[in-house]
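The sequence and the structure come first, and the description follows.

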Amino acid sequence: MGDLLDWIISFLFLVTLLIIVIYQLTCLADLEFDRKNPYDSSASINRLFLPEFGLQGLLCLYYVLTGHWFMTVLSLPHLFYNIKLYVKREHLADVTEIYNTNKWEQKKRVYKIAHIALSIFITSFWLIHSALGDI
Amino acid sequence: MNTENKGYPNFPARPAPASSPFASAPPPGIPPQSGGPPTGSDAVGFRPFPPSASQPIRPFAPSGPPPAPGAMRPSQPSPFVSQIPGSRPPPPSTAYGPPPPPPGAAPFQRFPSPPFPTTQNPPPQGPPQTLAGHFSPPMSLRPQQPMGPPPQSMISGLPGANTSPSPADFNMAARPGFQQSMPPVTQSYPGVGGSQPSFPGYPSKQVSQPPPMPFQSSQGPPVSSYPPHTGGFAQRPNIAAQQNLHPNYAPPTSNVQGLVEDFNSLSLASIPGSMEPGLDHRSFPRPLDGDVEPNSFAEMYPMNCHSRYLRLTTSAIPNSQSLASRWHLPLGAVVCPLAETPEGEEVPLIDFGSTGIIRCRRCRTYVNPYVTFTDSGRKWRCNICSMLNDVPGEYFSHLDANGRRMDMDQRPELTKGSVEIIAPTEYMVRPPMPPIYFFLIDVSISATKSGMLEVVAQTIKSCLDNLPGYPRTQIGFITYDSTLHFYNMKSSLSQPQMMVVTDLDDIFLPLPDDLLVNLSESRTVVEAFLDSLPMMFQDNVNVESAFGPALRAAFMVMNQLGGKLLIFQNSLPSLGAGRLKLRGDDPRVYGTDKEYALRVAEDPFYKQMAADCTKFQIGINVYAFSDKYTDIASLGTLAKYTGGQVYYYPGFQSSVHGDKLRHELARDLTRETAWEAVMRIRCGKGIRFSSYHGNFMLRSTDLIALPAVDCDKAYAMQLSLEETLLTTQTVYFQVALLYTASCGERRIRVHTSIAPVVADLGEMYRQADTGSIVSLYARLAIEKSLSAKLDDARNAIQQKIVKALKEYRNLHAVQHRLGSRLIYPETLKFLPLYGMAIIKSIPLRGGPADASLDERCAAGFTMMALPVKKLLKLLYPNLFRVDEWLLKPSADHDDLNNVLKRLPLAAESLDSRGLYIYDDGFRLVLWFGRMLSPDIAKNLLGDDFAAELSRVTFQEQGNGMSKKLMSLVKKLRENDPSYHPMCFLVRQGEQPREGFLLLRNLIEDQMGGSSGYVDWILQIQRQIQQN
């Protein structure tokens, strides 16, 4: 039963994370197609920096605490990448250069989405597996 | 170079000088037909050149939608004309001119005269000199080692040959008719060009043209040997047009067509018999004539805007992505929307009145000379998107028989590439702002000690009368050290009231208004303030600098209206938000991956402030004065993203730098400024501007926000092709700058330009413009240095040049044995040199010891904004010798360019008996040779001529020679008022000043770890040959 709860919680974490990153991606895409100005766009992206990075960190911690080693290992690259961005102080969208960095920022987020989607896929598998196993 | 009009006078069909298409246009009263061309549907009255069958590649089929005027010009002559590498204007024509050849042409006379055996019956159409050029040695050999039939060469080598009547005169006799009808051809003949003594100082001009090996065998009768000239044109599509125009010419024999190449080359093999293993670097191309604008193109499309406003990197746009990817040079443009115009060429101001501005409904293009009117004048077709628009009733005009509007001559927007349109209220989001100048002045101890405060106060006061926009101009001041001082300048006061705010964390304005006041109303208070400012703080011993809070306060004062913020900063910001650390010049960081971080803003505060300022139309100019590290990288960010600029006076002392600051600040305050501007470039379907480089911030993907812009700023941008294949034959570019003029009018400045689309890479190289390519490269390299190591930025430039030249080599390697020659198109002959100059420029040169970090960053910010001409001058500065000119009692010191010859930037140009001036537009260095006659030194420097020159002040001495030199210096400064070059005096051997001021800037020499010109060329050549 506890296992199922673990999976449900991590599933919720992941879905929130996915929504945040997708939202950031749409902001960047809006910018590219001139539907938004750089000020609003970068403000809304930067507002979500803390929730995104925080959630990701918490999720890793949660995996460690609950002893899901495989999932920990799977989410470590993402964590390290976030830490690296933070250390290099590239975690925030730079309003002055946002048009020049837009391509890269989008790419970055597409990779993040892919990674999160993979995690969601595995999580949902285990979620269903443990749910069925309990019956 | 001598491209102006040279290409055209021989075409009888041309109605008028190309550069002034409407000079011959009828006065308004006369129906346009009378002056108009009888043929064709030409929109502006050019008689189209008879279209010839051999123009298939030219994009201008007469059936094309807008029959581009001038498009039918018989090819682009100037590439040929400019084939003469580095030639100075006079030589080509004088060398052949009927009068006795001038002494300058003497070396040339070695080859021209050797007549063939067949000269007994010279056909008038076979210009003998082309033959002569044929046999002449210059090709791949040095003139001293003549090749070809030895006897003739020897004859011609004799001095007597110049005067001997037999062959030489004969040549001339045969020439005159030809000479008049075909001057450009004569000059353009590559072989002859190659043999010109282009650099007077370098008689042993080496190879410039590849050997025309193919002809060696085919040279028999003069007619068939004449082809080198036609061959030169053979790759041109419209050789037939040439033939039509010159019926007395024999038709080119086909076997030689296409065999003469149109590239230049440098032979890099060692010279046989020479002691040096290397090569003759004196023959390398050098831009000693300064920047050469691509004139041919301006003449071909006379309705294009002038190249001072818009310069494309190549005036031939590739028609496909694959072609564009083979063009390794940048594809783009450099735009200087408000470039200063010479007297008489002002941009016409147009008021559409109640009609409203005529723009395309779909793509919003402004009406321009390239739109076409159809449907008897009721509709017009947009040249950019081909949309058919209605002509408003008030704008309607009948068309004449040629489809040309009757009122064409009264409508500058239909005849001129550059116009200024008065914008109605739809173009305003708020009432036009008044010109606003706000000053943020550091008054800490160093500011008063160095005398900066006094100079600034005096200069501002002296400029009050000349600030643009009287009587609406507004002005305000904040000073700061560890606290902020606000000044109430209400007009009813007699003295300004000072208010001190000490709370730096939570800035508030002590007074809601009256911090920014109308200058004309509060004039006396402002003057009283400026008079007392230096006194107020003269005993200040505060060393802190609350720069960030002061900036915030200024932002709060200004954000209602915007304007220009001038910051005078004397030390590293040390208090409050935006305080900076002394990250300094740690040499250990260089060469590591963290190196670039030194060159970008340390605190995100600066970028954020800059972005906010741009949003509220505040443009920032930063003046930095400290001799210690001030973190220009961070401070300059403010200027970079608000469209401003950085002025850096390291170690400011009012006695030394006062003049410079005075001039530059005055220029900054009084030059015509465009306020709250946005700029956009539109271009035809299928292409898009993809990246922008310069000091500004992008507001949307293609909208450049410029809170304050003036004539000294240029912006570069790169193009990319969106469609794999362009189907149009031409591409149009339209720069539109919407701004508020100082007088309070909202205006749009529109520059329109056209460029053909080509399918041939060679044509792209032929139409390349080194100036704008170099300008783009410099910007790219500086940008790269903000995210990578200096080394990487330098290598990137080198790689780009190598790739471009390699592609060019591949283009020609199939047909020709190139051996170990470096080949390059005529248009790009200076590219390698400028590339090296970029690498050795202050922002990119060497390592930590070669330039201080602040100097680097300041120069980087400056170079990002410089217009093409100024940048080229900075990259390859002028060096000339003046002692001989000073001694000459000549009266012609008006014509400086003829008197003072630019010298190559190498130590060997310096003669220790001479006096030289080095001028890069930012400083003047007077170099006194060690053996310079003491009379000159005494005349120029007065009694302390023997002292160490760093302590000598340069001033007029009251004798003729000194006056002459001072007038020269004055003239050099007036040539370009945007910066005030300071004069430095240095004597040969005065180290380290000499090295620092001059020797290090002689870029052709080897210095430190960087290579000299010869090594550089060899390096490039080696890399090109590696596959």
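## Aromatic rings and their partners

Phe922(B) counts as buried, at a relative accessibility of 17%, and Tyr979(B) is likewise buried, with a relative accessible area of 8%; the model from which these values are computed is a predicted one.

Over all chains, the structure holds 30 aromatic pairs. In one of them, the ring centres of Phe125(A) and Trp126(A) lie 5.5 Å apart with the planes at 75°, and because an angle over 60 degrees counts as edge-to-face, the pair is given that name. Another is formed by Phe922(B) and Tyr979(B), whose ring centres are 4.5 Å apart and whose planes stand at 45°, so that this pair is tilted. Phe922(B) belongs to the loop between strand E27 (915-919) and strand E28 (923-928) of chain B, while Tyr979(B) belongs to the loop between helix H33 (960-975) and strand E29 (982-987) of that chain, so the pair ties together parts that are 57 residues apart in sequence.

Phe922(B) and Tyr979(B) are also members of one aromatic cluster, which includes Phe439(B), Tyr487(B), Phe568(B) and Tyr649(B) among others.

In the pair from chain A, Phe125(A) is partly exposed, with a relative accessible area of 48%, and Trp126(A) is partly exposed as well, at 35%.

| Charged residue | Ring | Distance of charged end from ring centre |
|---|---|---|
| Arg405(B) | Phe373(B) | 4.6 Å |
| Lys640(B) | Tyr641(B) | 5.6 Å |

In each row, the charged end sits over the ring named beside it.

Definitions and conventions
Residues are numbered from 1 along each chain as its sequence is written. Chains are lettered from A and ligands numbered from 1 in the order in which they are written. This is a predicted model: local features need pLDDT of at least 70, side-chain atom pairs count only at pLDDT 80 or more; totals for chains, interfaces and linings use all residues. Side-chain values use heavy atoms; hydrogens and water are left out. Rings of Phe, Tyr and Trp (its six-membered ring) pair if their centres lie within 6.5 Å; planes under 30 degrees apart count as stacked, over 60 as edge-to-face and the rest as tilted. Buried means under 20% relative accessible area, exposed over 50%, partly exposed in between (1.4 Å probe, protein chains only). Helices (H or I, at least four residues) and strands (E, at least two) are DSSP runs, numbered from the N terminus. A charge sits over a ring if NZ of Lys or CZ of Arg is within 6 Å of the ring centre and within 35 degrees of the ring normal.
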